[in-house]
Amino acid sequence: MKWVKFRIKTITEAEDIIISTLYDIGLEGAQIEDKVPLTALEKEQMFVDILPDSPADDGIAYLNFFVEKKEDGLLEVQGESVDADTVLANVKNELEDLRMFCDIGEGTVTVDETEDIDWINNWKQYFHQFYIDDILVIPSWEEMKPDDEGKMVLHIDPGTAFGTGMHETTQLCIRQLKKFITPETELLDVGTGSGILAILSLMFGAKHAVGTDLDVCAVEAVAQNCAANGIAPEQFDMMIGNIITDKAVQDKVGYGCYDIVVANILADVLVPLTPVILNQLKPGGIYITSGIINDKEQTVVDAVKAAGLKVLEVTYQGEWVSVTAQKE
């Protein structure tokens, strides 16, 4: 299908009111482009492999609204067929009305027609098979090469929001997991995302894994990736919620029952997570962390020590750090 994009240049303070106003005339699902820094909560809820760098906020925002274009060239808005000029005129009228009582910045509108786009699968062109040491990571839409026969293979379809395993922090965790997993390992993966770390742990021989995440979409991603790798449902339990602040989640995850807890998140999340996760670890249990940029290393090390854990090893890859500790 083809789409017509209405792109509005405004200011960040006017994003919500413009989106709400245009929703009333049938434009839904705005794509927002701005440079507003992530809040502490947004950082906590990040479950991608790496927190993106952002330029300084200049107060400018672009709102993109996509309307499907039918075969006859008309657009369907609120169940009615209209032409793009009519929609454009309605948008401009609404913006002018808003301008009378609030600042919307430039408030200009441009109209473009996109080519036929598969919004769900378009990102796949950027993810191809690769190796993490001796492990082949391959998406479902690619085939194994003859030279790869006999290798350990992780089939992963991360989706648009979850990690692929390509980032250094994930690889640091994988190497540490290989060192400590045994056939009796009960593992907890905090911020599991697409389930890479827990699934690989089970492939390395762990007995059972539990994954927690804040986003319900992780449940389906984990289920699909478990199925792709022959992981039985009873081997991997998923739980949604904030283990740092929600005691119900902590209770469900369980206390003193994990040989390994792994958390590939962010240093600012690891600091409050560490004293909580101490309760989930067995005596002698291993705590593997990453998502730590090098200038945050000491912050995480200090938090680990303050929780009463013994630092076993600090490993590095590029600008990233993994801290491995043990509950004594």
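Here is a short tour of this predicted model, stop by stop.

**Before you click.** Residues are numbered from 1 along each chain as its sequence is written, and side-chain values use heavy atoms, with hydrogens and water left out. Because the model is predicted, local features need pLDDT of at least 70 and side-chain atom pairs count only at pLDDT 80 or more, while totals for chains, interfaces and linings use all residues.

**Stop 1: the whole chain.** Show everything as a cartoon: you have 9 helices and 16 strands. Helices (H or I, at least four residues) and strands (E, at least two) are DSSP runs, numbered from the N terminus. Of the 328 residues, 45% count as buried, meaning under 20% relative accessible area with a 1.4 Å probe, protein chains only.

**Stop 2: N64.** Select residues 60–69, which form strand β3, and pick out N64 there. Is N64 buried or exposed? With 0% relative accessibility, N64 counts as buried. Now show side chains: N64 has a polar contact of 3.0 Å with R7 and another of 2.7 Å with E33. (A polar contact is a pair of N or O atoms within 3.5 Å; within protein, one must be able to donate a hydrogen and the other to accept it, and residues adjacent in sequence count only if both atoms are side-chain atoms.)

**Stop 3: two helices.** Select residues 267–277 (α8) and 297–306 (α9): these helices pack at an angle of about 5°, with axes 9 Å apart. So α8 is roughly parallel to α9, a label for angles under 35 degrees. Axes are lines fitted to C-alpha atoms, for helices over the stretch in contact (heavy atoms within 4.5 Å), and angles run from 0 to 180 degrees between N-to-C directions. Finish by highlighting A267, L270, V271 and T274 of α8 and T299, V300, A303 and V304 of α9, which make the contact.

Terms used:
Buried means under 20% relative accessible area, exposed over 50%, partly exposed in between (1.4 Å probe, protein chains only). Angles under 35 degrees count as roughly parallel, over 145 as roughly antiparallel, 65 to 115 as roughly perpendicular and the rest as oblique.
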